Amino acid sequence: MSKKIAIVYSFHTHKSKRIAEKVIEGWGEPKLEPVNAEELTKEMIEKYDYFIMSAPTWFDGELPNYWDEFVPDLEEMDLKNKKFAIFGLGDQKGYSENFVDAIGILAEILEECGGTIIGHTPVEGYTFEASRAQRGDNFIGLPLDQENQARMTNNRLKAWIEQLKKEF
Ligand SMILES: Cc1cc2nc3c(=O)[nH]c(=O)nc-3n(C[C@H](O)[C@H](O)[C@H](O)COP(=O)(O)O)c2cc1C
């Protein structure tokens, strides 16, 4: 049986939406199922066991505000047996002290509820001061930096997709 995997991102952002569409295209069959992060419900999270989540960092190290409403609901959920992979846009030059913090913030919430985070990637190749997404020599997800390293995005996505297909 093939796994049903949801890809959760804001349908109203430009950059994150484009990246999510690249993930969907790169993934191929069976197709990932798009879910709008702005309209997340408990039922949506209950419906799937596997998730790819988009978490761009806003406001100097915070989750985008469209997460505000759903996070309290999410924090009450039991996410045991569910697997999450997180990618996030960030800017390692402009926000070096808070580089892709949102990936780390979301990962912490999901782990607190019993979820498993897959798709960790090496910090090598990025230059930054601090990140809540860092765990030792790895990030807990995949940072993408369209401001400073846009040319690396396609290869990073390709490698990550291959990795996720093994880890889900
Ligand atoms: C006001 C503002 C604050 C930001 N804060 C951070 C930050 O703290 N850390 C980071 O890595 N990137 C930060 N960024 C960069 C964004 O994450 C980056 O521009 C990303 O492409 C936004 O994706 P989106 O437009 O799809 O939401 C910030 C950008 C803006 C405009």
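Predicted model: local features only at pLDDT ≥ 70, side-chain atom pairs only at ≥ 80, totals over all residues.
User: How do strands of a sheet pair?

Analyst: They pair through backbone hydrogen bonds, either parallel or antiparallel. Here, strand 7 and strand 8 (residues 138–139) pair in the antiparallel sense, over 2 bridges.

User: In what order do the strands of the open sheet lie?

Analyst: The order is 6-8-7. The sheet is open, has 3 strands, and its pairing is antiparallel.

User: Which are the edge strands?

Analyst: An edge strand pairs on one side only. Here these are strand 6 (121–122) and strand 7 (134–135).

User: Now the ligand. How many residues surround the ligand?

Analyst: There are 17. Ser-16, Thr-57, Trp-58, Gly-61 and Val-100 are the closest. By type, the shell holds 7 nonpolar, 6 polar and 4 charged residues.

User: Which pocket does the ligand take?

Analyst: The ligand takes up the space of the largest pocket.

User: How do I read polar contacts?

Analyst: Look for pairs of N or O atoms within 3.5 Å. The side chain of Trp-58 has an N or O atom 2.9 Å from a ligand oxygen. Glu-147 has a polar side-chain atom 3.3 Å from an oxygen atom of the ligand. Asp-60 uses its backbone: an N or O atom there lies 3.5 Å from a ligand nitrogen.

User: How much of the ligand's accessible area does the protein cover?

Analyst: On its own, the ligand has 630 Å² of accessible area. The protein covers 77% of that.

Key: Residues numbered from 1 in each chain as written. Heavy atoms only, no water. Near = heavy atom within 4 Å. Polar contact = N/O pair within 3.5 Å; in protein donor to acceptor, adjacent residues only side chain to side chain. Areas by Shrake-Rupley, 256 points an atom, 1.4 Å probe, with all protein chains shown as cover. 1 Å grid on protein atoms, 1.4 Å probe; cavity = no way out; pocket = protein on both sides within 12 Å on 5 of 7 lines; lining within 4 Å. Sits in = over half its atoms within 2 Å of the grid points. Nonpolar A, V, L, I, M, F, W, Y, C, P; charged D, E, K, R; others polar. Pairing = 2+ DSSP bridges. Helix = DSSP H or I, 4+ residues; strand = E, 2+ residues; numbered from the N terminus.
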